[in-house]
Structures are given as structure tokens and as C-alpha cells.
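Please look over the sequence and the model before reading on.

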Amino acid sequence: MSKTFDVVVIGAGPAGYVAAIRAAQHGKTVACIDEWKNKNGKNAFGGTCLNAGCIPSKALLESSELFHRAQHEFKKHGIKTGEVELDLATMQKRRASIVRQLTGGIAGLLKANKIEGLIGHGKLLAGKQVEFTPVDGSVEVIDAKNVILASGSSPIEIGIAPFDDDKIVDSWGALEFDAVPKRLGVVGAGVIGLELGSVWSRLGAEVTILEAMDDFLFMADRDIAKVAAKEYRQQGIDIKLGAKVSAAKAGKKGVAVSYDDKDGSQSIEVDKLVVAVGRKPHTDNLFSDDAGIHLDDRGFIIVDDECRTRVKGVYAVGDCVRGPMLAHKGSEEGVMAADLIAGEVAEVNYGVIPSVIYTAPEIAWVGKTEAEVKESGRAYKVGSFPFAASGRAKAMEQTAGMVKIISSKDDDEILGVHIAGPMAGELISEAVLAMEFSASTEDIQRTIHAHPSLAEAIHEASLAVDNKALNFPNK
Amino acid sequence: MSIEIKVPPLPESVSDATLVAWHKNVGESVSRDENLVDLETDKVVLEVPAPASGTISKIVVENGTTVEAGDVLAILEEGEISIEAPVAASIAPAEKTAAPARKESSGPIKTSPAVRRLLDEHDLDATMVTGTGKDGRVTKSDVMSFLKTDDSANVTPGDQQPVANESVEVGLDRTEQRVPMTRLRARIAERLVDAQQSAAMLTTFNEVDLTEVMSLRKKYRESFEKKHGVRLGFMSFFAKAVVEALKLYPVVNASVENTDIIYHNYFDIGIAVSSERGLMVPVIRDVDQMSFADFELALNDVASRAQAGTISMDDLTGGTFTITNGGIFGSMMSTPILNQPQSAILGMHAIQQRPMVVDGDIVARPMMYLALTYDHRIIDGKEAVQFLVSIKDQLEDPARLLLQV
């Protein structure tokens, strides 16, 4: 007799494992199927985020940032170190150990919630049956009352620069270099390209980023993108805009990369090339033809606002459905799907999802950019405050960047908050919370912020919206 | 034991309802079947009675919130004794004034700093403002739009503000008042525009001499009322004439669905009645099976319930044809709008003595113009005109009603 579960989740990334836990909290019997395999051949829960994305990249960003500061900033603080040396093997070991602890933590969480973690491939069949092919053992068919598809995404491979797992690599490969490449090429100046470029640049690589679009960080506010571009270039990262890669050939020594820009055909020679042009939904062999699941023309599973597929009782969440490919967006969708299955009211507020780029300075934003607000036709007002005027930022010797707030002129509602600066990814939470509660600029103005703190920059920017900034001249 | 108070099942055509007013606060005790809350739908106000006696321990959904069937509105602790005294008058400064609270609240509402400042400045109470923020919270934007639409809030100056300048302006009384449509009004608006846009509406006119109907009524008024306990009105004559005409021209009783015509083999007649809350069209079913008295009784029943606001959703749904009488307000002629998905509507008008030529002589006759608006997509002009003529013929010679000719 086949097993039966109230909820079967396919995928144990941040969308899937969170959905499984919430469903279990609702008293459901839950199985969570996952087939992620790490480069050492071991299976691990956590999906891209924990194994190959958010977490390992942050580990390396932190290490490389400290290395960079020890080299360049300690002197200013009056700290003499002698020559600062890099021990990449230890740095990489620390990264791997963090990943191991966290993925192991998920296995523990699943267990604590009495979720059956199934290692292998899950495939949705018609009638809410799930075919489970374990890593070892025979295929079995599981009956599910509800199914949550959370199969994630994978890096896009481009024909002109196919991955060879050695010289031309994807973002995962770029986290696991065992030596600092002398010259590193990155295709794509998106979040992933900039973060990886920052890591290896700080550790000594000569980094060139080739971006096909003419606008730098097109999805960010222009003022922020301008600050960011200036800072990255100052750090020595060579960002070439409007540069369309036409060929990449891996030879014995390195990779010859050709690209076209406004000045015609160009070429560079690099030791390693990271292709980070985006990610595509991963739905290979995820469902049978008669399962009733449909993909849109970009390969995303078609769902409604509440992540329902066209099959009753089957949901899809995270990177395999529309919307930004962000772990926290996927997790919230997972929670929503589990709550809906339990008969509760749930929704995801897609208008208020923060985005963060963990470079130096960090970039973070929520809501609309000034250009988007302008295009919407809504009358608006803007206030900004530079970290150069923040006591805390000065003390930290991290004064690059600013906070910019865009608010409705008519009713003072906050429409967008954009930060480039130290700890922007932490600071943005205040803005997210405010916007989630439809706060006005005045609400932030009237909220006491600790002194001295980086958060004061948000307070001052909110005051600047009404030309009432106290620690910076108002325009 | 705690019981969840839920939104009762809503009829098929109604997707959601707005919570209009709580009649009970948190901590108040209620007896079984006592009305707890009013929900306004597109069509009627629903009451939600207490399923048992007890105390309201939690109000989940605040006034002004849109709810769906099955949503939990409140939690009721079963039992006779109240847990604690009702929330006493708050000492919040915003509530010290005598400003009339339009909505009942479940206690002091927690608000954000900007909202508190605005409320204080205008001597308002958060309960007066409909919140659109997360979980129905009041935002600064909500208060600002409330101030824009509400005269009294605009006219009432703050405590310390000089009044001289304002009072001059107020004297001119060139203020405007912006009031959101009730759900009923908004639904009426939506349906009328829908009809205008989707049907090929055309109106044909005729007039009817009501001499015979009036004399019949005069002759049998007392005996009819004595026997049946209800007045013999004009409407039953019209309804019966309409049913006979519908039998002759079934397409007038039909409705359109995409490219199909659906013929109804029953005669459910909607009668438009005005109520304080707006126009309503209760439906009287199987009119072909009814006597004049049955019809008058049924009409009285729905009309009085429409006025009292206690009409049920079932009374308002369905219907294959509608009669509207603008005559009670003095209208001489009008072009009614279809009550979709129906395909035709009869407009009755005021009865007026007018000179008519009868057998070569000019005589005064009680005349009424009739209007039939029809959906030209499925009803041809010939059928519409003949349908109206058939009604005219029956009313001018009511014996036809008896003989069905």
C-alpha cells in the first residue's frame, strides 16, 4: 500500500522547507522531497540558498571584506598589522563549515517537526500522486492530499560560453575556487555578478564585469546605482556597460572573451570566467504531462496570486513561479501555501519585498524607484541623507552612500526607500515594516531612532522629505 | 467553550460583504440569537445572530472590512457570565470631545504617531475613520481622505486655532461633500452600466386605456378585500397581462448567455420597488400559477420586507422579466434599463385623464403610457411591439385575462 501524506513538498530550499514546517505546525502529515547534491557528492537540504547561493556567498563576502579592511583601513584606525596574508583554504573551509551547519540544521528542523525528509527525486503525477525516486532504493508512488512544488531555479547557461566546471563556471563554481584567479571575468553585472566580483576583487583578483545593458543596476533607483557604480570602480572593479559578449574560448592558460560595445569589437583575456546572467526556473522532470501543471513562455509554473496552480490542492512557490527570485519571497509563499492548505487566510504582499546586494557599500531597497513613481504619474516628494553626515558611519569609516526616501505628495505615504551604505541590508527592515503598515513619512519622522546609529540616516532622510532634516542642510 | 462567529454562507452571485457595524463590543455579554453584527452585501444587509449565549472575547474583523463566507468575525466564549466589564470610556485625548462616533469600536484603536497627531489636531477619534492599512489599521492617508470628505471635521477648527478667518469661509457654504457609494449603490451603478454596454437596448412605446381595469377595481374592491384580506391593486392586472403576453412571445421571457438564448418555462416576475437603501427588485415566482389575490399578497410581503431591510437574498435573485412603475412618482414616460440577464422590462407610468377619440367622439379616458425596453440582440421589433400590444389589449378588455385570449 502506498504512503499517504496531507502535504508533500517537492524541494527543500527556503521556499520548500519553510512550507513543510508551517504545514506540520498546522498538524498536517508532511513529506519533503529533495535531491540537492553538493560537489562532494553528498545530499543536503537547503537548496541553492544554503548550499550554493545566499549563505556561502555571504560567508565569503564577510571574510573578503575583513581581509580588505585589514589591508586598507586598519592603518587609518591606528592598527599596525604587518603584511596581511590570505589563507584561502581556511577561508573556504569556514564557508563550507557554515553551510554544513545550516543545512544540517534544516534536517534537524524537519525531524523536530515530524516531517519525513525524503532524499531523491519527486515528480507530480495526475491525481495528486507523487512519484518518488530515492537516491537508493526503488521507485514508489505517494498519495498526497496537497502538493507544494518548490523546485527552485538554476543558473542560465549561454551557448557562447558553456560551463566547463573549470575555467568557465556558474555562480556556484565561483564560490569554490581554491586559488584566487589573477584575472577574473564576470558576465552580468546583476546581484550575483557584483557580489562575486567583489569577493575576488578584495582577495586580489583583477575583476572585469561585462554587462550587456547600458544602464547599471537597471532595477535600482538611479541615484543609488550612480553611488554604487562609483564605489565599485573605486575599489578597482572594472565594469563595462553595453558590452555584449560574443564569444568565450577556454584555452590552456585562460579564457579569451570577445565582446561588442559602442566602440566595436573588443576582447579580454581572463583566467576564469563567471557567467552570471540570471537564473531560470528549474522544472525538469518535475511533473508528468497529465499532471495538469502549465508553464508560461518563460518556463515558470503558472500560478495565481495565492500560488495555486490549475490543479486544486497543488501549489507552486519560490523561484519556479513568477516574481523576484529571492529566498525571502519564496519562504513567504511557502508559508502562504501551507496556511491556505490549513484553511487560513494568507497573502503575500508582492509590493513590499526588500532587495539587497551585499557589496560594499551594501545596496538595499523596497518599494518603487523614483523613475517608477514618476511613470505612475503620482505626485511625489523625495528626501535623502548621506552617510557622510552620520556620526556612526564616520566612526565606522564607512561613509559612502545615502538613504533616499520617496513619498506621495498628497497623502505622505512612503512609496520607496533606497539605501546604499553600511549595513543597508539590515537598515532596510525598518522601511519594509513601515511600508507593510502603509506608514507615512511623518510616522518615521515621529519615531525615535537611537543615537548614534546608522538608522538615524533613515530618520534624517524622512525629515528631508519635508525639508526638515536636522543634521544636513535642506535644499 | 469558545465559538468562532463566522460569516454565514453567501448566495452564489455574491462574493463578499462589508462589515458595516458591530452591535457588541469585546467583553459584552450576548444572548443567543441576538444580532451581533451587520454585513452589507450587494443586495441586502445580513444579520449575524449569536449561536449561543456568552461573552464576546475577541473581535477579529473591524468595521469597514470586506469579508467572505466562512471568515471568522469574532470569538464568543459560551456561558452566561461576562468575563470583564465592557471597555470603559478611554482617556485618550482624542476621545475627550463630543464628536459623534459613527462607528462602534471594540476599544481604543492603536494608531501610528502621524495618525495620532492628525486625530488630535482635528479632534477626531480613530473609530470614525475607516482604516485601509494592514488588518484594517488607520493610516495617515485614511485620516487625510476622511478630512477631505467630512465637512464637520473640516469646519471644526482645532482647539487653539483662531476661528475668525475660517468662519467667514464657512458662511459662504461653498463646501463640497464627498461620500463613498454604499455597496448597494455601487452594485446598482455597476449593473446598470453593464446593461448599457452589453445589450442592444431599444424601447418601444404604447398607451393603454385603463377605463375597464378601473371600473373592475371599483366594482370589486370591497368584496375582494373582504375575501382575500388584501387590496386589489393595478399591479396584479399588469403582472397577469404580462404573463399571458410572455406565453405568446417566449423570447421576451428569455435571457442571453454568450451566444445562447435560454428560454425559461416559468414566469418569475421582478417588481422594482424603491427603498431607503436604494432600488430593489424582489422577484415573485411562478406568477402564472397565481390568482390575483395570491399575487397581491406576495407583492405586499416582499415590498414591506424591502422597506424594512429584512428582505432575503433569495427574494432578490433570479427573475425572468421585470416590471417597474415610475408612475408612482409621477413619471409620464421613461426608457427603463434592462435588469440583466433578463431581456426585457416593462415600464408603467402615471395614469392621466386625456382626451381620446372613441367611436368618433372625444372623451376623457384614464390613460397610461407603456414602455418596453428590450434586448434587440434576441428580440425583434415585431415581437416587442406585438408583446406590448398584447398587454394593452388585455388591460383594455380584462375579460381576456380570464379567458386567456
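In what order do the four strands of the open sheet in chain B stand?

## The open sheet of chain B

The model is predicted. In chain B, four strands make an open sheet in the order 5-4-2-7, and their pairing is antiparallel. Its edges are strand 5 (45–49) and strand 7 (66–67) of chain B, each of which pairs on one side only.

Strand 7 of chain B is joined to strand 2 (residues 17–22) of chain B by two bridges, and these strands run antiparallel. Across this pairing, Ala17(B) stands opposite Val67(B) in strand 7 of chain B.

## Strand 18 of chain A and its partners

Strand 18 of chain A covers residues 362–367 and is mostly covered, with six of its six residues buried. With strand 17 of chain A it forms a hairpin, and four residues lie between the two strands. Strand 17 (residues 355–357) of chain A runs antiparallel to strand 18 of chain A, and three bridges join them. Here Val356(A) is opposite Ala364(A) of strand 18 of chain A.

Strand 18 of chain A also pairs with strand 21 (residues 414–421) of chain A, in the antiparallel sense and over six bridges. In this pairing, Val366(A) stands opposite Val417(A) of strand 21 of chain A.

## Where the chains meet

How many residues does each chain bring to the contact? Chain A gives 12 residues and chain B gives 11 residues.

Note on methods
Residues are numbered from 1 along each chain as its sequence is written. Chains are lettered from A and ligands numbered from 1 in the order in which they are written. This is a predicted model: local features need pLDDT of at least 70, side-chain atom pairs count only at pLDDT 80 or more; totals for chains, interfaces and linings use all residues. Two residues are in contact if their C-beta atoms, placed from the backbone, lie within 7 Å. Two strands pair if DSSP finds at least two bridges between them. A residue is buried if 20 or more other C-beta atoms lie within 10 Å of its own, exposed if 12 or fewer, and partly exposed in between; C-beta atoms are placed from the backbone.
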